[in-house]
Amino acid sequence: MVYAVIDTNVIVSAAIAKNPDKSNPSKVIELALSGVFTPIFNDKIVNEYREVLARPKFNLAEEKRDVLIQEFLKCGINVDAPKSGKELPDPKDVVFYDVALACRDKNTSLVTGNTKHFPGVRFAVTPKEFLEILAKEI
């Protein structure tokens with residue numbers, strides 16, 4: 001089984017995609033929801049998903065947001081991750097790093113549209129790179 005921590009920007013990009021069939025973030029989320037890989041998260045990450053998806057600038061209906069989060073939670077695993085003490089350019093990104101690091105025994109990837117926010121983190125990959133990883137596993 002393949003495991004991944006999904007950064008909020010990937011979820012948002014998928015939710016607002018105009019052409020989901022051509023959107024790598026949309027493909028990643030669809031593969032998670034269909035059980036091709038298992039998303040890993042914790043309560044802090046889920047809360048960030050909820051908060052960011054609810055921002056007025058994204059204009060997402062509450063029902064769409066709720067369904068997306070609920071379906072994502074059903075197919076994933078909630079883990080407690082110890083704080084690593086890792087310093088990143090954006091301190092809010094550390095929780096994604098910590099959860100992925102805590103599950104590295106499962107070869108967990110951290111899927112993000114902003115790999116520059118995770119300098120030197122070899123397991124941080126773009127949605128496109130993650131789709132390539134999945135293609136080798138399927």
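## Helix 5

A residue counts as buried when its relative accessible area is under 20%. The structure described here is a predicted model. In this model, 7 of the 9 residues of helix 5 (residues 94-102) are buried, so the helix is largely enclosed by the rest of the structure. The buried residues are Val 94, Val 95, Phe 96, Tyr 97, Asp 98, Val 99 and Ala 100.

These buried residues pack against two helices, helix 1 (8-16) and helix 3 (43-53). They also pack against strand 1 (3-6), strand 2 (38-41) and strand 4 (109-111).

Strand 2 is covered on both faces. Thr 38 and Ile 40 are buried on one side, and Pro 39 and Phe 41 are buried on the other.

Strand 2 runs parallel to strand 1, to which 3 bridges join it. Strand 2 also runs parallel to strand 3 (residues 77-78), with 2 bridges between them. Ile 40 takes part in both pairings: Val 5 stands opposite Ile 40, and Ile 40 stands opposite Ile 77 in strand 3.

## Ser 109 in strand 4

Ser 109 lies in strand 4, one of the elements against which the buried residues of helix 5 pack. Ser 109 has a relative accessibility of 8% and therefore counts as buried, the cut-off being under 20%.

Note on methods. Residues numbered from 1 in each chain as written. Predicted model: local features only at pLDDT ≥ 70, side-chain atom pairs only at ≥ 80, totals over all residues. Heavy atoms only, no water. Buried < 20%, exposed > 50% of the residue type's maximum accessible area, 1.4 Å probe, protein only. Helix = DSSP H or I, 4+ residues; strand = E, 2+ residues; numbered from the N terminus. Contact = heavy atoms within 4.5 Å. Pairing = 2+ DSSP bridges.
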